[in-house]
Amino acid sequence: MNLEKVIFGFFVLLAATVNFGFVVGDLGDPDMHNIWELYAAIVVNVVALVLKFGDRTQIGATHLATSLVAVLQLIAAASLYIYFTASHSESITGPEIASVVSLACGAALANMVSLVLLVAETVSFRRR
């Protein structure tokens with residue numbers, strides 16, 4: 001068993017599940033979307049991004065691209081959340097959280113593509 005592949009797969013899957021955990025729930029209900037889960041998704045996605053550097057194959061480049069998309073989407077979502085909470089004294093509203101969650105959904109889609117790539121790569125692997 002290759003420990004590097006286990007750690008890589010772990011973080012790819014964790015990035016997808018934490019991101020999914022943030023986006024699941026009523027789109028317009030701020031109580032359903034915990035900001036700390038969004039921050040955890042950013043951290044785990046950045047770790048997954050770093051782990052994808054160095055793979056010089058075509059599928060490795062696609063893995064890296066999906067991670068870049070996910071991290072950028074999540075950072076945009078967190079920036080929007082910070083902007084909305086700093087711009088007024090009330091708590092974040094339904095339409096505002098919907099914008100944040102929509103960006104995080106884009107990152108979740110990128111994470112799902114990364115998972116599909118990981119599974120396809122694993123299935124096509126041949127022992128030598």
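**Entry 1: after α2**

I began at the end of α2. Gly54 follows this helix, and its phi is positive, near 100°. I took helices as DSSP runs of H or I with at least four residues, strands as runs of E with at least two, both numbered from the N terminus. The model is predicted: local features need pLDDT of at least 70, side-chain atom pairs count only at pLDDT 80 or more, and totals for chains, interfaces and linings use all residues. Residues are numbered from 1 along each chain as its sequence is written, and side-chain values use heavy atoms, with hydrogens and water left out.

I looked at the other end of α2 next. A side-chain oxygen of Asn34 comes to within 2.8 Å of the backbone nitrogen of Trp36 at the start of α2. I used polar contacts as pairs of N or O atoms within 3.5 Å; within protein, one must be able to donate a hydrogen and the other to accept it, and residues adjacent in sequence count only if both atoms are side-chain atoms.

I checked the length. α2 has 18 residues and reaches 26 Å from its first C-alpha to its last, close to the 26 Å expected. The expected span is 1.5 Å times one less than the number of residues.

**Entry 2: the buried side of α2**

I listed the buried residues of α2: Ile35, Leu38, Ala41, Ile42, Val44, Asn45, Ala48, Leu49 and Lys52. Buried means under 20% relative accessible area, exposed over 50%, and partly exposed in between (1.4 Å probe, protein chains only). These residues pack against α1, α3 and α4.

I stopped at Asn45, which sits in helix α2. Why does Asn45 count as buried? Its relative accessibility is 1%, so Asn45 falls in the buried class. A polar atom of the Asn45 side chain lies 2.7 Å from the backbone oxygen of Ala41. Beyond its neighbours within four places in sequence, Asn45 is in contact with Ala15, Ala70, Val71, Leu74 and Asn111. Contact here means heavy atoms within 4.5 Å.

**Entry 3: α1**

I ran the same checks on α1. Its 21 residues should span 30 Å at 1.5 Å a residue, and the end C-alpha atoms are 30 Å apart, so the two agree. Asn2 caps the N-terminal end, with a side-chain oxygen 3.1 Å from the backbone nitrogen of Glu4. Gly25 follows α1, and its phi is positive, near 125°.

The buried residues of α1 are Phe8, Gly9, Val12, Ala15, Ala16, Val18, Asn19, Phe22 and Val23. What covers them includes α2, α3 and α4.

**Entry 4: the largest pocket**

I asked which residues lie nearest the centre of the largest pocket. They are Asn2, Lys5, Phe8, Leu118 and Glu121, out of 17 lining residues. Elements giving two or more residues to the lining are α1 (3-23), α2 (35-52), α3 (58-87) and α4 (94-124). α1 gives the most, with four residues.

The pocket holds about 590 Å³ of space. On a 1 Å grid over the protein atoms alone, a pocket is an open set of points where a 1.4 Å probe fits, with protein on both sides within 12 Å along at least five of seven lines; lining residues have an atom within 4 Å of a point. Grid points are joined across faces, edges and corners, and the volume is the space filled by probe spheres set on the points.

I sorted the lining by class: seven nonpolar, four polar and six charged residues. Ala, Val, Leu, Ile, Met, Phe, Trp, Tyr, Cys and Pro count as nonpolar, Asp, Glu, Lys and Arg as charged, and the others, Gly among them, as polar.

I picked His63 in helix α3. Is His63 buried or exposed? His63 is buried, with a relative accessible area of 1%. Not counting residues up to four places away in sequence, His63 touches Phe8, Lys52, Ser114, Leu117, Leu118 and Glu121.

Ala65 is also found in helix α3. Ala65 is partly exposed, at 38% relative accessible area. Its C-alpha is 9.0 Å from that of Ser114, 49 residues apart along the chain.

In helix α4 I looked at Val116. Val116 is exposed, with a relative accessible area of 57%. The C-alpha atoms of Val116 and Asp29 are separated by 30 Å, at 87 residues apart along the chain.

**Entry 5: the whole chain**

I closed with totals. The chain has four helices and zero strands, in the pattern α-α-α-α. Its C-alpha trace spans about 60 × 25 × 20 Å along the principal axes. Of 128 residues, 38% count as buried. Among contacts with a separation of 6 or more, 68% join residues 24 or more positions apart.
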